Amino acid sequence: MKITRRQTLGALGIAAAAPVLATGLTACGSSGEGDGKSLKILQYEDPTSAQGQGWKKALEIFKEKHPDVTVSFEQTSFDAVRQNAKITLSGNDVPDVIEFNKGNADGGQLAMQGLLTNLTDEVSKRGWDDKVGPSMRSFALYENGMAGSGDWYGIPNIGEYVTLFYNEDLLKEHGVEPDFSDLDALETGMDKLMAAGVTPIASSAATSQGFNQMWVWYSLVSAIATRDEIDDFMFVKNPVDFTSGPWAEGTKRFQSWIERGYVGKDIAGLNFEQATVNFLSGKAAMVVWNHGVFHRAVSEADFNWGYATFPGANLVMGSSGHLWGVPDRAKNKELAYEWIEITLSDEVQNVIGELGGLPIAGDPSTISDERTREYTERFVELMDGDVLSYYPDYPVIGFLDFIQEHMQAMSNGNETADDFIKALQDFYDAGTGK
């Protein structure tokens, strides 16, 4: 399935790291076992985001159903959970529900260490498998710490996919039409921008939150990869030879983009926020990001803008969102299951969709804003077509830090595509035992 359709964006903000904040709420509505109990939820979504607003609605619904349950809805950060999840879930005062990162390096480890409840029976009983379709459940299932099959340990609420956001005014000012037919046509357009002194793509390569370069690299790999090649890599099904196929070709193309200046200069110290600002301020014509750019572009861009998946791509970077899990040592598991059920309800999912949050079980036709509805419908197409290639740091413990370090080295000109491929092969093989 080739992906060439041009789209125009909707609106959503990115989840931001936030200090821990506990909000005690007294619920209103009853359910036998829950009477007089409490529910502790630990999550890290920005409360102003679409997902955060959806969960605000879920809290209202929960309160109506459980009058005697005290809810502690705690705000933390992605990094805090990623770094401290094992400690948090091993203690005596664990949350009843926790949001955690998907993938072998995070969710897989927590499942294998026995820190998460096996949700398989609950999924079947409550019909969650009907709402979380095949392409969205890949990182909810784990077996011996490996994603893609086995039992359910997490439940996603939303999905996400990566696109090339563009400043339509800036492109047209320099004779570049945004309807690129393939990657070669995209490069021709970027050459025109370079000749005019315009940076084509705002990017970042800091070793802390310099995610853009990693996403550009993996998007180029995904564009020419097959489903089987990505699944072998992601789910460690068969040995991966990084010296050939889409890995070698995509990485060498990525190096050429660096050398030609397509992704800017002196970006080794920049993070994704700085790259986003460079795009929104008109310093660069494009940026590679997911739905986190929605809200920012709607509220801050003073130019006409749009988006497109990588032109001519076989696969598109994206996956389900982060997961709800129930700690093995949770004291109120039945209430935790009810909370997850509510976040998957039509009422909550459609709130998320209305705000541009790409719900996995919502109805796009209910979205009033045309731009947001089109963006969500596009995600549904990708999800139903099974053409999402996930995120590259999922398969191996420590992969995110490893990839970002090498993205910075390549961006500095201190490492070639061949150097990175060799290091990638060694790290992946050591981490997967292949």
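Which residue stands opposite Val287 in E13? That residue is Ala202. Before we go further, please keep in mind that this is a predicted model.

Strand E12 (residues 199-202) runs parallel to E13 and is joined to it by 3 bridges. Strand E11 (residues 163-167) pairs with E13 too, here in the antiparallel sense and over 4 bridges. Thr163, for instance, has Trp289 in E13 as its bridge partner.

## A three-stranded open sheet

Next comes an open sheet of 3 strands, arranged in the order E7-E6-E8 with antiparallel pairing. Strands E7 (146-147) and E8 (151-152) are at the edges; each has a single partner strand, so one side of each is left without a neighbour in the sheet.

Strand E6 spans residues 141-143 and pairs with E8 over 2 bridges, in the antiparallel sense. Within this pairing, Leu141 has Trp152 in E8 as its bridge partner. Helix H3 (residues 104-112) packs on the sheet, where it touches E6 and E7. The direction of H3 makes about 65° with that of E6.

## Two helices side by side

Helix H14 is made of residues 346-354, and it packs with H1 at an angle of about 155°. Their axes are 8 Å apart. Angles over 145 degrees count as roughly antiparallel, and H1 and H14 are therefore roughly antiparallel to each other. Their crossing is right-handed.

Who meets whom here? On the H1 side the contacts come from Ala50, Gln51, Gln53, Gly54, Lys57, Ala58 and Ile61, and on the H14 side from Glu347, Val348, Val351 and Ile352.

## Aromatic pairs

Now for the rings. The count of aromatic pairs comes to 35. One of them is formed by Trp55 and Trp324, and it is tilted, at 4.3 Å centre to centre with 40° between the planes. This pair links distant parts of the chain: Trp55 belongs to helix H1 (residues 50-65) and Trp324 to strand E16 (residues 323-325), 269 residues apart. Both Trp55 and Trp324 are buried.

How far apart are the ring centres of Phe399 and Phe402? They are 5.9 Å apart, and the planes stand at 20°, so the pair is stacked. Phe399 and Phe402 both lie in helix H16 (residues 399-411), 3 residues apart, about one turn of the helix. Phe399 has 1% relative accessibility and counts as buried, while Phe402 is buried with a relative accessible area of 8%. The two also belong to one aromatic cluster, together with Trp217, Tyr218, Phe233, Phe242, Trp247, Phe420, Phe427 and Tyr428.

Is Glu187 buried or exposed? Its relative accessible area is 8%, and buried means under 20%, so Glu187 is buried. The residue has its place in helix H7, which covers residues 183-195.

Leaving out residues up to four places away in sequence, Glu187 touches Arg253, Trp257, Arg260 and Tyr262.

Definitions and conventions
Residues are numbered from 1 along each chain as its sequence is written. This is a predicted model: local features need pLDDT of at least 70, side-chain atom pairs count only at pLDDT 80 or more; totals for chains, interfaces and linings use all residues. Side-chain values use heavy atoms; hydrogens and water are left out. Two strands pair if DSSP finds at least two bridges between them. Contact means heavy atoms within 4.5 Å. Axes are lines fitted to C-alpha atoms, for helices over the stretch in contact, and angles run from 0 to 180 degrees between N-to-C directions. Buried means under 20% relative accessible area, exposed over 50%, partly exposed in between (1.4 Å probe, protein chains only). Rings of Phe, Tyr and Trp (its six-membered ring) pair if their centres lie within 6.5 Å; planes under 30 degrees apart count as stacked, over 60 as edge-to-face and the rest as tilted. Angles under 35 degrees count as roughly parallel, over 145 as roughly antiparallel, 65 to 115 as roughly perpendicular and the rest as oblique. A crossing is left-handed if the near helix is turned anticlockwise from the far one by less than a right angle, and right-handed if clockwise.
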